[in-house]
Amino acid sequence: MTTEPLPLSAMAAPLMALSIFTDRYRHLPAPRVSISTVYPTLLELSFHDDPDGFEMWRQALGIRRNTVQHSVQGDGRTAVMKAETNHSGGPVKLICFTTIPAPQGGRSRAEDVS
């Protein structure tokens, strides 16, 4: 079964948002940017060990602090923050992954396994 390739125009909303952000928020820290043919309307901005960058973007995009979702993954070693808004006709998702340090004097779970 052959499917038609997705045209670049299907990604118009996230590309427009990214273009606007490049001009309007040029002073903010650069995130990892992702636009995918799997979710062609979604612009994903991610931050790795940069919660301050995540917070600056959250504020700039007007996302309320109480809407940020917090979770932990990777056997309790990675904190995750997620927030979403809409811009230029499509969703924009902010994600931050932060390493959780091992407790002082303790071993990380990874060290316990070995």
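## Close-up views of a predicted model

F54 touches F47, V68, M81, K82, A83, L94, I95 and C96, leaving aside residues up to four places away in sequence. That contact list opens a short tour of this predicted model, told as a set of figure legends.

**Figure 1**
Let us start with the residue itself: F54 sits in helix α2, which spans residues 51-60. Is F54 buried or exposed? F54 counts as buried because its relative accessibility is 1%, and buried here means under 20%. One of the residues it touches is M81. F54 and M81 are 27 residues apart in sequence, and their C-alpha atoms are 8.5 Å apart in space.

**Figure 1. The buried side of helix α2.**
Which residues of α2 are buried? They are G53, F54, W57 and R58. These residues lie on the same side of α2, because the arc they cover around the axis is only 135°. The cover over the buried residues of α2 includes helix α1 (12-24) and the strands β2, β4 and β5.

**Figure 3**
E55, R58 and R65 are linked in a network of salt bridges. In one of its pairs, the side chains of R58 and E55 meet with an N to O distance of 2.5 Å. R58 and E55 both belong to helix α2 and are three residues apart, about one turn of the helix. In another pair, the side chains of R65 and E55 meet at 3.6 Å, N to O. R65 lies in the loop between α2 and β3 (69-73) while E55 is in helix α2, so this pair ties together parts that are 10 residues apart in sequence.

**Figure 2. The salt bridge between R26 and D23.**
How many salt bridges does the model have? The count comes to three, and one of them joins R26 to D23. The closest N and O atoms of R26 and D23 are 2.6 Å apart. Both partners can be judged against the same cut-off, since exposed means over 50% relative accessible area. R26 has a relative accessible area of 60%, so R26 is exposed. D23 is exposed too, with a relative accessible area of 52%.

**Figure 5**
In what order do the strands lie? The open sheet runs β1-β2-β5-β4-β3, with mixed pairing. At its edges are β1 (32-34) and β3, each of which pairs on one side only. Neighbouring strands of the sheet are turned by 25° against each other on average, with direction ignored. Helix α2 packs on the sheet and touches β2 (43-48), β4 and β5; the direction of α2 makes about 155° with that of β5.

**Figure 3. Strands β4 and β5, side by side.**
Strand β4 (residues 78-87) pairs with strand β5 (residues 90-99) in the antiparallel sense, and 10 bridges join the two. To find one of these bridges in the structure, look for T78, whose bridge partner in β5 is T99.

β3 and β4 run antiparallel and are joined by five bridges. Q73 has T78 of β4 as its bridge partner, and T78 also has T99 of β5 as a bridge partner. Between the two strands of this hairpin are four residues, and G74 in the turn has a positive phi of about 65°. Why does β3 lie largely in the open? Of its five residues, the number buried is zero, so the strand lies largely in the open.

**Figure 4. The protein as a whole.**
Stepping back, the protein has three helices and five strands, which follow the pattern α-β-β-α-β-β-β-α along the sequence. Of its 114 residues, 29% count as buried. Among contacts between residues at least 6 apart in sequence, 53% join residues at least 24 apart. The accessible surface comes to about 7,700 Å², and 53% of that surface belongs to carbon and sulfur atoms.

Technical notes:
Residues are numbered from 1 along each chain as its sequence is written. This is a predicted model: local features need pLDDT of at least 70, side-chain atom pairs count only at pLDDT 80 or more; totals for chains, interfaces and linings use all residues. Side-chain values use heavy atoms; hydrogens and water are left out. Buried means under 20% relative accessible area, exposed over 50%, partly exposed in between (1.4 Å probe, protein chains only). Contact means heavy atoms within 4.5 Å. A salt bridge is a side-chain nitrogen of Lys or Arg within 4 Å of a carboxyl oxygen of Asp or Glu. Two strands pair if DSSP finds at least two bridges between them. Axes are lines fitted to C-alpha atoms, for helices over the stretch in contact, and angles run from 0 to 180 degrees between N-to-C directions. The arc is that of the directions from the helix axis to the C-beta atoms. Accessible areas come from the Shrake-Rupley method with a 1.4 Å probe; for residues, only the protein chains shown count as cover.
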